[in-house]
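This briefing is meant to be read with the model open alongside. It is arranged by topic, beginning with a question about a single residue.

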Amino acid sequence: VLVDPDSARRGARRSHLSSGGAARVITASDEYDVADALRLMDPDVVLVSASDAILGGKLIRAVRAQFDEHPEPVPIVAWQSRLSLQGSPAELLEAGADAVISDDATVDEVLATVRALRRVIASATRRTGQQATSLAAVLDAVQASVALIDRDGRVHDANTALQLLWREMTGQRSSPVGGELAQFLIPSDRPALAEAMASVFSAVAGGVVTVECTLGVSLSRGIPAHIKLVRLEDSATGPVVVAQVEDLREQRRVEEMLQSSRWRALDRQQTMDMAARLRNLVMAISQSVGALAPVRTSGDVVLSSTH
């Protein structure tokens, strides 16, 4: 993508790069055109014409901002002009350019710079991929549901156990990675989590904060859970908090079973106690009746009547 607000220079440089089929060039006049191009393609490089230090630096920063939502890294090369106000390479690099080429650079020099930057990106991407694979293996070795949280409070990574719990909650095959941890909780429990997150972010490395909550959309259909937040060492880009999510459903079922068993045992004991009291009462009544009955001197029964 070639970005240049000057239409004449933009056309000349496009012809220069496209000569002999050396490169396929998409032109843009500003950062908004770059955003449109990124939605349609994955460019190898963005060339920004830097006519002066102020406007060129401003355009480079604006173009750099368009890559926040782009999934792949794309290098930005500042292409200087003949103007004396173009700015030094240091100023353009400070503005966000990854490399600076002169106005009279040949097509081969431009393409060699692009290939060099792409090699650097490919190497960094491989290392990041290897680290991510290693990290994923470590997380999946943990039986508990675990998420890594970045300093913006978003889920940086989640192991398989947490992914499965998320799918059970939502009924979708989407991933919680990239969203906030609060999306797991019912709305009424999110303020408590926000307070816990603020506390753990302000804690030193190794600090632990816990919160009892309900996962899901509603309390009636939610999943009782216990979340443990552990502060990691500070990191500029990586995760800074580990969140362990413990599903308490089985524990609650066991507690309910024990409670029910206790009630049943209590009911049986109360029944036995009542039966014993009744037996004692019957025996007492029998003894009382026996004590009140007249003593007979013989076995004859005497009947009397009054006429």
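Predicted model: local features only at pLDDT ≥ 70, side-chain atom pairs only at ≥ 80, totals over all residues.

Leaving aside neighbours within four places in sequence, which residues is Arg13 in contact with? They are Leu2, Asp4, Ser49, Trp79, Gln80, Ser81 and Asp103.

**Helix 1 and its residues**

- Arg13 belongs to helix 1, which covers residues 7–18.
- Arg13 has a relative accessibility of 5% and therefore counts as buried, the cut-off for that class being under 20%.
- The side chain of Arg13 makes a polar contact of 2.8 Å with the side chain of Ser49.
- Ser7 is also located in helix 1. With a relative accessible area of 51%, Ser7 is exposed, since that class begins over 50%.
- Along the chain, Ser7 and Ala28 are 21 residues apart, and 9.4 Å separates their C-alpha atoms.

- Five strands in the order 2-1-3-4-5 form an open sheet with parallel pairing.
- The edge positions are held by strand 2 (27–28) and strand 5 (99–101); each has a single partner strand, so one side of each lacks a neighbour in the sheet.
- Helix 1 packs on this sheet and touches strand 1, strand 2, strand 3 and strand 4 (76–80). The direction of helix 1 makes about 115 degrees with that of strand 4.
- Two bridges link strand 1 (residues 2–3) with strand 3 (residues 46–50) in the parallel sense.
- Val3 has Val48 as its bridge partner in strand 3.

**Strand pairs within the antiparallel sheet**

- Strand 8 pairs with strand 9 (residues 223–231) in the antiparallel sense, over eight bridges. Opposite Val208 stands Val230 of strand 9.
- Seven bridges connect strand 9 and strand 10, again in the antiparallel sense. Leu229 has Ala243 of strand 10 opposite.
- Strand 6 and strand 10 run antiparallel and are joined by five bridges. Ser145 has Val245 as its bridge partner in strand 10.

**The largest pocket**

- How much space lies in the largest pocket? The volume is about 330 Å³.
- The largest pocket is lined by 16 residues, and the closest to its centre are Ala23, Arg24, Asp44, Val45 and Val114.
- Helix 5 (residues 107–140) contributes the most to the lining of this pocket, with five residues.

Note on methods: Residues numbered from 1 in each chain as written. Heavy atoms only, no water. Pairing = 2+ DSSP bridges. Helix = DSSP H or I, 4+ residues; strand = E, 2+ residues; numbered from the N terminus. Buried < 20%, exposed > 50% of the residue type's maximum accessible area, 1.4 Å probe, protein only. Polar contact = N/O pair within 3.5 Å; in protein donor to acceptor, adjacent residues only side chain to side chain. Contact = heavy atoms within 4.5 Å. 1 Å grid on protein atoms, 1.4 Å probe; cavity = no way out; pocket = protein on both sides within 12 Å on 5 of 7 lines; lining within 4 Å. Points joined across faces, edges and corners; volume = space filled by probe spheres on them. Axes fitted to C-alpha atoms, helices over the stretch in contact; angles between N-to-C directions.
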